[in-house]
Amino acid sequence: MGDLLIPALALMLVFEGLLPFFSPGRWREIFLRATQLSDGQIRFIGLTSMLIGLAVLLLLGN
(Lines give C-alpha, C1' and ligand atoms only; values in the text may rest on other atoms or scores of the structure.)
Protein backbone atom coordinates (compact mmCIF):
# COMPACT_ATOMS: atom_id res chain seq x y z
CA MET A 1 0.00 0.00 0.00
CA GLY A 2 2.93 2.35 0.63
CA ASP A 3 3.79 2.33 -3.06
CA LEU A 4 0.32 3.75 -3.81
CA LEU A 5 0.34 6.55 -1.25
CA ILE A 6 2.50 9.05 -3.14
CA PRO A 7 0.67 8.58 -6.48
CA ALA A 8 -2.68 8.87 -4.67
CA LEU A 9 -1.61 12.13 -3.02
CA ALA A 10 -0.29 13.43 -6.34
CA LEU A 11 -3.60 12.63 -8.05
CA MET A 12 -5.49 14.36 -5.24
CA LEU A 13 -3.39 17.51 -5.81
CA VAL A 14 -4.14 17.39 -9.54
CA PHE A 15 -7.88 17.21 -8.85
CA GLU A 16 -7.66 19.93 -6.20
CA GLY A 17 -5.92 22.22 -8.69
CA LEU A 18 -8.41 21.84 -11.54
CA LEU A 19 -11.06 24.30 -10.35
CA PRO A 20 -8.73 27.16 -9.37
CA PHE A 21 -6.84 26.74 -12.65
CA PHE A 22 -9.85 26.64 -15.00
CA SER A 23 -12.26 28.87 -13.05
CA PRO A 24 -10.54 31.03 -10.42
CA GLY A 25 -13.61 33.25 -9.95
CA ARG A 26 -15.86 30.28 -9.20
CA TRP A 27 -13.21 28.83 -6.87
CA ARG A 28 -13.06 32.13 -4.98
CA GLU A 29 -16.87 32.13 -4.59
CA ILE A 30 -16.84 28.59 -3.23
CA PHE A 31 -13.97 29.38 -0.88
CA LEU A 32 -15.72 32.50 0.47
CA ARG A 33 -18.90 30.50 1.04
CA ALA A 34 -16.92 27.80 2.84
CA THR A 35 -15.46 30.38 5.25
CA GLN A 36 -18.99 31.18 6.37
CA LEU A 37 -19.81 27.61 7.40
CA SER A 38 -19.89 26.70 11.07
CA ASP A 39 -17.33 24.34 12.59
CA GLY A 40 -19.98 21.64 12.84
CA GLN A 41 -20.85 21.93 9.15
CA ILE A 42 -17.19 21.73 8.16
CA ARG A 43 -16.68 18.69 10.39
CA PHE A 44 -19.73 17.00 8.86
CA ILE A 45 -18.39 17.60 5.35
CA GLY A 46 -14.99 16.22 6.40
CA LEU A 47 -16.55 13.15 8.02
CA THR A 48 -18.74 12.49 4.99
CA SER A 49 -15.76 12.81 2.67
CA MET A 50 -13.69 10.40 4.76
CA LEU A 51 -16.51 7.84 4.94
CA ILE A 52 -17.11 7.96 1.20
CA GLY A 53 -13.38 7.58 0.54
CA LEU A 54 -13.15 4.67 2.96
CA ALA A 55 -16.17 2.97 1.38
CA VAL A 56 -14.63 3.32 -2.09
CA LEU A 57 -11.33 1.90 -0.85
CA LEU A 58 -13.09 -1.05 0.77
CA LEU A 59 -15.18 -1.74 -2.33
CA LEU A 60 -12.22 -1.54 -4.69
CA GLY A 61 -9.87 -3.42 -2.37
CA ASN A 62 -11.83 -6.67 -2.50
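**Side chains and their surroundings**

Modeller: Arginine 26 has a relative accessible area of 38%, so this residue is partly exposed. Please bear in mind that the model is predicted.

Biologist: With which residue does arginine 26 form a salt bridge?

Modeller: Side chains of opposite charge can pair when their charged atoms come close. A salt bridge requires a side-chain nitrogen of Lys or Arg within 4 Å of a carboxyl oxygen of Asp or Glu. Here the closest N and O atoms are 3.2 Å apart, and the partner of arginine 26 is glutamate 29.

Biologist: Which helix holds glutamate 29 and arginine 26?

Modeller: The two residues are three positions apart, about one turn of the helix. Glutamate 29 is partly exposed, as its relative accessible area is 44%. Both glutamate 29 and arginine 26 lie in helix 2.

Biologist: How many aromatic pairs does the structure hold?

Modeller: Phenylalanine 21 and phenylalanine 22 form one of them, with 5.0 Å from centre to centre and 85° between the planes, an edge-to-face arrangement. Tryptophan 27 and phenylalanine 31 also pair, their ring centres being 5.3 Å apart. The number of aromatic pairs is two.

Biologist: Are the rings of tryptophan 27 and phenylalanine 31 stacked or edge-to-face?

Modeller: Planes under 30 degrees apart count as stacked, and those over 60 as edge-to-face. The planes of tryptophan 27 and phenylalanine 31 are at 20°, so the pair is stacked.

Biologist: How far apart along helix 2 are tryptophan 27 and phenylalanine 31?

Modeller: Helix 2 comprises residues 24-35 and contains both tryptophan 27 and phenylalanine 31. Tryptophan 27 is partly exposed because its relative accessibility is 37%, and phenylalanine 31 is partly exposed at 47%. Their separation is about one turn of the helix, that is, four residues.

Biologist: Is phenylalanine 22 buried or exposed?

Modeller: Phenylalanine 22 lies in helix 1, which covers residues 2-22. A residue counts as buried under 20% relative accessible area and as exposed over 50%. With a value of 64%, phenylalanine 22 is therefore exposed.

Biologist: What is the area of the nonpolar surface patch that includes Phe21 and Phe22?

Modeller: Phenylalanine 21 and phenylalanine 22 are both exposed. Together with Leu11, Val14, Phe15 and Leu18, they make a nonpolar surface patch of about 690 Å².

Biologist: In which helix is the confidence highest?

Modeller: The protein chain averages a pLDDT of 92, and 97% of the residues score at least 70. Confidence is lowest in helix 1, at a mean of 91, while the highest value, 95, belongs to helix 2.

Definitions and conventions
Residues numbered from 1 in each chain as written. Predicted model: local features only at pLDDT ≥ 70, side-chain atom pairs only at ≥ 80, totals over all residues. Heavy atoms only, no water. Phe/Tyr/Trp six-rings, centres within 6.5 Å; stacked < 30°, edge-to-face > 60°. Buried < 20%, exposed > 50% of the residue type's maximum accessible area, 1.4 Å probe, protein only. Patch = residues over 30% accessible without salt bridge, like charges linked within 9 Å, V, L, I, M, F, W, Y side chains within 5 Å. Areas by Shrake-Rupley, 256 points an atom, 1.4 Å probe, with all protein chains shown as cover. pLDDT = per-residue confidence, 0-100.
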